[in-house]
Amino acid sequence: MSETPNSDRPNSEIPNIEVWGRASSSNVQLVMWAIAEIGLGFTRHDAGFGFGMNDTPEFLAMNPNGLIPVIRDRTGGRDVLMWESAAIVRYLCASYAPEPLWPRDPAVRGPLDMWAEWAKTTFGPAFNSRIFWPAIRTPAAQIDRASLDRAIEAMKPVARMLDDRIGDGPWLAGQDFTFADILCGGMLYRYDSLDFDKAETPHLDAYYARLCQRPAYAEHVRVSYEALRAT
Amino acid sequence: MLTVWGRATSSNVQAVMWCVGELGLDHVRHDLGHTHGGLDTPEFRALNPHGLIPVIRDETGGVGAAPVWETAAIVRYLAARYGRERLGDAFWPADPAARARVDMWAHWAKESVAARFTVPVFWAVVRTPAAKRDPVAIARGVRQLGRELDTVEARLAENEWLAGGHFTPADIMLGHVLYRYFDIDIARKPRPALDAYYARLQDRPAFREHVCISYESLRA
Ligand SMILES: N[C@@H](CCC(=O)N[C@@H](CS)C(=O)NCC(=O)O)C(=O)O
Ligand SMILES: N[C@@H](CCC(=O)N[C@@H](CS)C(=O)NCC(=O)O)C(=O)O
């Protein structure tokens, strides 16, 4: 295999990952869930909506896009400063997760990675940007109901697609929980708890119920979004 | 043998084919999509349930040779599987700490630059009939893309390649839309570092072969 095995850990110190980003950000949640699922230590600094800081020169020097999450990992002499939540999850898993959470063989990883990518770049925006934001973060009087209804209709085949893929699961890879479940499952708390007209997805519902059994998911993903609600 | 499904004019297929070309992999490509059709057949849906191109299957890759789709995941697969032996460690570093920067810029380029170019700009200009073109929406699209390109410009003013000193998948995820960006009829703010970078890309045979190709067949 062309990648460093995780036994390559520089020493036995437990990594402590520094994270910038508010706990209510869906992208921060992916990173925090990964950290907790792997069992790493962390120090998280609130930043972003309601906390600010992401427009300061210090922050922009870390991420020129001014977005959260950002992480810094100084374990064992390395110094990794990075952003982009999906790339961070891949980084943390490749560095510290055992098999099968991060399959070492690219031929095993590829067919999972594609669902993870799809969840982040297709399911995520179809729900988060087009339904969650307009519904939660827009003052009621300003909601464009027709466009929200179109988005809700458009979400149905997307949700059914994930429902079909999950089937009996229990996880995307079958028996083993992997990094792909982190990137696919991160959006499901909001998807499930927001009240709107959804497709019938028994497999997806059962999958979400299994995710909720995981302590790291309950702690880092099932975080109230009331603070984001437009008034 | 590596099989690629997808027409040569698809920007996502172009990213994959450019990567295949850089890696020098033997392959066959089947034209599918747009005027070629073929995305709704049960055979194709068995490869990709979403009915989208590109899809690859790597018969030499081992483990059941399962199909892989999603451009970014395909490029990561090819880079992890063949990068080091074909192009050296810097293309897709084995050490996750070194790979982090490549992966993050690659992800960003696809989600922020390519996504803000292909539909809001390229489609709006090239794939929309003249009578239906919306100059206000196009100008807005170009402005939003411009903000991301300013980030690219700042980065390239200090680095030869997007992720640093070496050509990597981050350049593929950014560069695969640049031929069209520089070719179509839109206002382009001067960005000297981006111009110089684009000239460097054109020195790469795989870029010229797979990305710098006519998109006339897509024109509305
Ligand atoms: N593609 C980036 C997107 C990051 C992003 O959009 N972050 C949002 C929060 S989820 C943000 O920084 N918003 C500004 C704020 O909270 O002030 C990622 O996945 O990390
Ligand atoms: N997220 C997918 C998107 C794939 C996609 O949208 N493919 C387009 C071509 S670029 C497609 O299949 N269009 C249908 C067609 O060509 O007929 C990826 O990055 O691979």
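At 14% relative accessibility, B:Glu22 counts as buried (buried means under 20% relative accessible area, exposed over 50%, partly exposed in between, with a 1.4 Å probe and protein chains only). This is a predicted model, where local features need pLDDT of at least 70, side-chain atom pairs count only at pLDDT 80 or more, and totals for chains, interfaces and linings use all residues. Residues are numbered from 1 along each chain as its sequence is written, chains are lettered from A and ligands numbered from 1 in the order in which they are written, and side-chain values use heavy atoms, with hydrogens and water left out.

**Salt bridges**

Let's stay with B:Glu22: its side chain meets that of B:Arg204 in a salt bridge (a side-chain nitrogen of Lys or Arg within 4 Å of a carboxyl oxygen of Asp or Glu). B:Arg204 sits in the loop between helix 8 (192-202) and helix 9 (205-210) of chain B, while B:Glu22 is in helix 1 (residues 11-23) of chain B, so the pair ties together parts 182 residues apart in sequence. Helices (H or I, at least four residues) and strands (E, at least two) are DSSP runs, numbered from the N terminus. Over all chains, a search of the whole structure finds 22 salt bridges. Here are some of them:

| Pair | N to O distance |
|---|---|
| B:Arg204 and B:Glu22 | 2.8 Å |
| A:Asp197 and A:Lys156 | 2.8 Å |
| A:Arg44 and A:Asp46 | 2.6 Å |

**Helix 5 of chain A**

A:Lys156 is one of the buried residues of helix 5 of chain A, and A:Leu148 and A:Ile166 are also among them. These buried residues pack against helix 4 (106-136), helix 6 (179-185), helix 7 (188-193) and helix 8 (202-212) of chain A.

Strand 3 (residues 70-73) and strand 4 of chain A pair in the antiparallel sense over four bridges; A:Asp73 has A:Val80 as its bridge partner in strand 4.

In the loop between strand 3 and strand 4 of chain A you'll find A:Thr75, which counts as buried at 3% relative accessibility.

Terms used
Pairing = 2+ DSSP bridges. Contact = heavy atoms within 4.5 Å.
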